[in-house]
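Q: I'm new to this one. Could you take me through one part of it up close, starting from a single loop and working outwards?

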Amino acid sequence: MPTWQSTANRGASRARYILRRVGEELRRYRIEAGLSTRHLGRIVGISHTQVRRVEAGLAGHIDIDLLARMASALGAELTIGVHLIGTPVRDKAHIALLRRFAGRLATSIRWRTEVPIPLAGDPRSADGVASGGAYDAVIEAETRLDDVQAVVRRLRAKQRDLGTTRAILLVADTRHNREVLRAVPDLHEQFPVRARDCLLALGRDEDPGGDCILLM
């Protein structure tokens with residue numbers, strides 16, 4: 001199944017779960033408040049049948065405004081947030097960046113993309129893993145940098161969980177990305193190997209000797 005399709009299915013499943021959970025919580029608060037479905041329906045302007053459907057998680061395409069008003073009528077507050085748990089669907093620019101990198105590798109290096117993290121139930125995957133004779137490197141590719149430290153933390157977590165010896169931050173060579181990188185002076189300490197030396201080593205299937213940042 002294509003990545004975009006599997007993530008869309010996962011998102012739809014998550015939406016159904018959230019609607020069921022919110023419905024259960026609204027029902028519990030309604031009962032605790034001593035309100036009937038008819039009374040709550042009159043307060044928020046819907047029928048008692050619709051209230052029941054919401055509480056059962058069966059009201060598809062429900063308006064967030066309605067959920068918020070129902071929660072408010074029961075002395076509660078609807079909250080919503082987005083949390084990164086996996087790898088986002090990548091665009092053509094991201095795929096092209098990985099291909100440029102792969103083209104600089106020695107033919108003896110094993111190159112894999114979208115490598116799953118080997119932990120039960122973990123939805124993350126590495127953008128790429130390059131495996132040489134006596135080393136391997138996890139690659140995190142970014143076409144546009146914003147929060148560099150967050151990207152580095154994500155890369156380090158994948159390096160830890162995959163157990164690779166090296167970590168490479170692969171960044172599209174744009175003016176914006178260069179400015180963002182320059183604004184974080186301690187990156188050199190975290191990625192001490194110069195880009196030129198790193199690429200030369202990988203082109204010869206040699207261990208770069210450390211982690212590096214590549215602008216391509």
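**A loop and its surroundings**

A: Asp205 is partly exposed, with a relative accessible area of 22%. Bear in mind that this is a predicted model, where local features need pLDDT of at least 70 and side-chain atom pairs count only at pLDDT 80 or more, while totals for chains, interfaces and linings use all residues. Residues are numbered from 1 along each chain as its sequence is written, and side-chain values use heavy atoms, with hydrogens and water left out. As for "partly exposed", that's the range between buried (under 20% relative accessible area) and exposed (over 50%), using a 1.4 Å probe and protein chains only.

So where are we? Asp205 sits in the loop between H9 and S5. Those labels are DSSP runs numbered from the N terminus: helices are H or I with at least four residues, strands are E with at least two. Asp205 has a phi near 60°, which is positive even though the residue isn't glycine. For context, most residues other than glycine have a negative phi.

His94, Leu97, Leu98 and Phe101 of H5 are buried. They share one side of the helix, because they cover an arc of only 95° around its axis, taking the directions from the helix axis to the C-beta atoms. A handy rule: an α-helix has 3.6 residues a turn, so residues three or four places apart point the same way. On the other side of H5, Lys92 and Arg99 are exposed.

What covers those buried residues? The cover includes H9 (195-203) and S5 (212-215), along with strands S1 (110-116), S2 (125-131), S3 (136-142) and S4 (166-171), where contact means heavy atoms within 4.5 Å.

One last stop is S1, which holds Glu114. Glu114 also has a positive phi without being glycine, near 50°. Glu114 is partly exposed, with a relative accessible area of 48%.
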